[in-house]
Amino acid sequence: MRSFRSEYKREADLRPIPNDLFDRTRKAMRKTPRRGKTRWGILIPVCALLALGSVTVVGYGIGQFAPFSGPIYQKTLDSSVPAPVNAAVGKTVQKSAQGSGLSVTVNRTACDNRRIYIDFTVKSTDSAPLQVSTAYRRSQLPRSGFAEATLAVGSKSVECHAFRTDDASVEDTAQFEAIAQGDFSGQNGKPVTLSLKDFTDEVDSCEDAGFLCQNLGELYRKMKPERPENFLKTGLFDVYADKSLTAPSWTIPAGKQRVRFSDQYPGSYVDNIGFHKTGEYGCQQDLLYLSITPGSDSEASALKQLCFQNTETGNPVDFFDEIITGNGVEHVGFDSEKAYKKAVKEDTARKLAVNNGRIVLALDPGMDDNRLAGDCTADDLDHYRIARNFKSETLVRFPGEWDIPFTLSFADTSRTFHPAKSYTTPDGLPITFQSITVSDLSISFSGTCAEGGRKALSPNTEIKLFLKDGSVVTEDKNKIGGSGGPGGDFEFSGSFGTLVDAEQIESIELFGVRVPLES
């Protein structure tokens, strides 16, 4: 599983920092590189007004599921690698290890002095599927992999982060790309060993909730949506060191509509529905809110287990109160972590008390396999239904250990430049780049900016490489991370999503500033 903790820590100094950023669940930390269809819909006014009367709709099952979507992680070692780059830093390996029902083959590598990419294939020896997709259980491919992955380099053991790069179209085979970072200078021609332990599969599941509509879109069209300006502010979704930054939390008010939605909760009904923005400062998105009036105390308890399900893929979509309540408690000033957590719990209870016994749910499609970005819209609702009892579990499908020895082979393609020249960013920030190092695989740079200006140096900025032949390569803006000091010093580093011949790079655009690479 990818380490969300380490990924977010790289950007922590450059963004408003939620108090409990590294304590939140992996589901709340969902801003990951993503690929796949993004549905950009339009909020459609719907006038199918249901006032005080009671409405019942017929029940629906769930149909055949679509195959798994393409991988979130973008593979680096693919056919687009230029021949000169492949000759300098790439190597075909084709070394295997077999046992415990799996065969693991290292196909190829690419290296520089700071990082190693390892492309490898995993295949079950008896054709057993490596993942599951049934009516209510679905593997989460981005989080499948090995419990442990390390690379033995000399006397050191370097942690590897392995990402799945296939779409499970071949059930018994998976493709991975692993990345190891460290000091690999002087390791050309030296033996290394990739060690893997326990092939795991993270499976999300849910259960049928007796939903009486074909999808949430049908339910939405049967009701009069609440206007955003009528939503109730319940407190702060998050707090920041910079008190000028505010992110409120919201809930939907009680409505007068009575729409039955489930044959498992016959006394309960949806009384209101509507869209409203919520989330952390700077990345708030529209979610669909549903207000449910319980028919009894027993139904109220069961309704707290409701979640959602994608009707196209069968993928379960979790809901938990923190999606709408957030955490508005400052993480300083407490004598103990226990006291802080108690305060967080009380903050959540105060916000939920505004619902006055109602059950309020919110659909965030960004929780759906971490794939859908942007606001939730009325168009999206046709792809979801209400389910219950979301569960996520990590299964060890193939316990065992696999060691694959091979030899590193690469040339040092790094080039270091010292511009030591002042520039001005498009936002008017004076900036000086002291050092820039590029190789065929990666980049690192350091410098200084005006004191207090480091917040403007967002790592989510495209890097453009201008080559000698006049072509321009735009690198993935999510591939770098860095840190800055209070005096304005900064350092950034990261990998290239598209490998390039470093010798052909003539200049680089960083933070909107084009910097010539001159010796």
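**Close-up 1. Strand 28 of this predicted model has a covered and an uncovered face.** The strand covers residues 513–516. Val 513 and Val 515 sit on the covered face. Arg 514 and Pro 516 make up the uncovered one.

**Close-up 2. Strands 27 and 28 form a hairpin.** Strand 27 spans residues 505–510. The two strands run antiparallel, joined by 4 bridges. Glu 509 has Arg 514 of strand 28 as its bridge partner. Between the strands lie 2 residues. Phe 511, in the turn, has a positive phi of about 55°.

**Close-up 3. Helix 6 buries one face.** The helix runs over residues 337–353. Tyr 340, Ala 343, Val 344, Asp 347, Thr 348 and Lys 351 are its buried residues. An α-helix has 3.6 residues a turn, so residues three or four places apart point the same way. Turned away from the buried side of helix 6 are the exposed residues Lys 338, Lys 342, Lys 345, Arg 350 and Ala 353.

**Close-up 4. The second largest pocket is lined by 14 residues.** Its volume is about 300 Å³. Nearest the pocket centre lie Lys 304, Asp 321, Leu 352, Ile 359 and Val 360. Strand 17, residues 359–363, gives the most to the lining, with 3 residues. By type, the lining holds 8 nonpolar, 2 polar and 4 charged residues.

Conventions
Residues numbered from 1 in each chain as written. Predicted model: local features only at pLDDT ≥ 70, side-chain atom pairs only at ≥ 80, totals over all residues. Heavy atoms only, no water. 1 Å grid on protein atoms, 1.4 Å probe; cavity = no way out; pocket = protein on both sides within 12 Å on 5 of 7 lines; lining within 4 Å. Points joined across faces, edges and corners; volume = space filled by probe spheres on them. Nonpolar A, V, L, I, M, F, W, Y, C, P; charged D, E, K, R; others polar. Buried < 20%, exposed > 50% of the residue type's maximum accessible area, 1.4 Å probe, protein only. Pairing = 2+ DSSP bridges. Expected span 1.5 Å × (residues − 1). Arc of directions from axis to C-beta.
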